[in-house]
Amino acid sequence: MADFVGAVDQGTTSTRFMIFDHDGNEVAKHQLEHAQILPRSGWVEHDPVEIWERTNSVMQNALRHGNLSPQDLAAIGITNQRETTVVWDPRSGRPYYNAIVWQDTRTDSIAAALERSGKGDVIRRKAGLPPATYFSGGKIQWILENVDGVREAAEQGHAVFGNTDSWVLWNLTGGPDGGIHATDVTNASRTMLMDLETLDWDDELLGFFGIPRSMLPVINPSSHREAYGVTRTSRPLRAAIPITGVLGDQQAATVGQVCYAPGEAKNTYGTGNFLVLNTGTELVRSQHGLLTTVAYRFGDEPAVYALEGSIAVTGSAVQWLRDQMKIISSADESETLARTVEDNGGMYFVPAFSGLFAPYWRSDARGAIVGLARYNDNGHLARATLESICYQSRDVVEAMEQDSGVHLDVLKVDGGVTANDLCMQIQADVLGVPVSRPVVAETTALGAAYAAGLATGFWRDTDELRTHWQESKRWQPQWSDERRAEGYAGWKKAVERTLDWAEVE
């Protein structure tokens, strides 16, 4: 019997393959970055071919590093950067255009037109999402309208769409030679094209964007024995391994953090931040700027829904300090530099590089550093950057409590930024609740592995998965209520300064 489960984690800045044992422990992994293509202000693209090549490499190298063969894998799961849009020719496997990344803002005029026409209310009611540049629907429309020949190809059945989960899955299962064109309910719920109640593509929503239904993948459960096929022997593993789990990255982290009961929540700190609250089988419609989304669906069981607060720029703000401002040479140095000061010195940094996501949804916002005095230095900027991550998360927590009535007793956290002890301490201080990090911090890949393993019986049920979760570290709040309130009031003033900056058609 195979003793391990693998997970492809196709993220915004890198792709990795991780292998887990029955206790949920990491056995092996390999990770490779891919290029961030920035053709003009507000545009963010990836090369889908490069992503597929990286997927090939990391799968082979992770197995080699673990001294394992493909036959040691009981199943494979896939998790991915959501909303990032690929349109390709299924006859050749050639993308018609670069992948348009979730951060990209070129579709702001499409989103604004939907809002003006009143169609935004229909999208909110059916899809649980506001019209925004974030989601896939507008990106597909842009490619259809702006890339020569794609509209005609789509109408002839020669152009198909997928988020990166579908692109990787199609290639793993054969590509032009019989590749499976499918997705799961969590990824489909991020397109503005799926009805949350029927869990199917909606013709009225497709009409809003002018998207032929034939372009779209089949929607499957997140975990299903029969759903996704097997790897083709001509592909990287040279073996037929079942692919039985697919989840968007934040839903995968929710599964990996074992948030299986209504009221349980996690916050993932990556390129952006994503706070997800399980609302059970009840579909809770947000009144405070959050997204209603599918958390997961296991097999034939009913879908489990969630409220999500999506924040565009958090970890990437630290990358900005490194790559653009060049005041640090590695992300780790942000903590060292921030510790040279005791507070932010009155400085606030709102990294609205591509507008503000939840709970504001303002594509006209742009980044701002406010409250500057002659006294401020690089240490204050580093500290303000870490604080911006935490204040944006508080904005979402406040909205979540208003929508759901649930007050968090503890915030489960995961992702790369959780290695920054100062940032996590600030998060506890800003929220006024403990912050808890698990032993396995890479819960996104773990969640995809769990979904795949549940489908094959590698793991019995979610109760068994709960027994694997262990706390690595907990941060307790240290700020007084007065300091917490004063700091948050300053943040809200800073956010106001970012609005009405960019012109939106």
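Predicted model: local features only at pLDDT ≥ 70, side-chain atom pairs only at ≥ 80, totals over all residues.
Biologist: Is Ser223 buried or exposed?

Modeller: Ser223 lies in the loop between β13 (218–220) and β14 (243–248). Buried means under 20% relative accessible area. Ser223 has 4% relative accessibility, so the residue counts as buried.

Biologist: Which backbone oxygen does the side chain of Ser223 reach?

Modeller: Beyond its neighbours within four places in sequence, Ser223 is in contact with several residues, including Arg297, Phe298, Ala451 and Leu454. The side chain reaches one backbone oxygen at 2.5 Å. That oxygen belongs to Ala451.

Biologist: Which strands stand at the edges of the open sheet of 7 strands?

Modeller: The order is β17-β18-β16-β15-β21-β22-β23, with mixed pairing. An edge strand here has a single partner, so one side is left without a neighbour in the sheet. The edge strands are β17 and β23 (471–475).

Biologist: How many residues of strand β17 are buried?

Modeller: Strand β17 covers residues 291–296. The strand is largely enclosed by the rest of the structure, because its buried residues number 6 of the 6.

Biologist: Which residue in β18 is the bridge partner of Val294?

Modeller: β17 and β18 (residues 304–311) pair in the antiparallel sense over 5 bridges. Thr293 stands opposite Ala306 in β18. For Val294, the bridge partner is Tyr305.

Biologist: At what angle does helix α12 run to β18?

Modeller: Helix α12 (residues 378–404) lies across β15, β16 and β18. Helix α9 (residues 249–256) also lies across these strands, among others, running at about 125° to β15. For α12 and β18, the angle is about 145°.

Conventions
Residues numbered from 1 in each chain as written. Heavy atoms only, no water. Helix = DSSP H or I, 4+ residues; strand = E, 2+ residues; numbered from the N terminus. Buried < 20%, exposed > 50% of the residue type's maximum accessible area, 1.4 Å probe, protein only. Polar contact = N/O pair within 3.5 Å; in protein donor to acceptor, adjacent residues only side chain to side chain. Contact = heavy atoms within 4.5 Å. Pairing = 2+ DSSP bridges. Axes fitted to C-alpha atoms, helices over the stretch in contact; angles between N-to-C directions.
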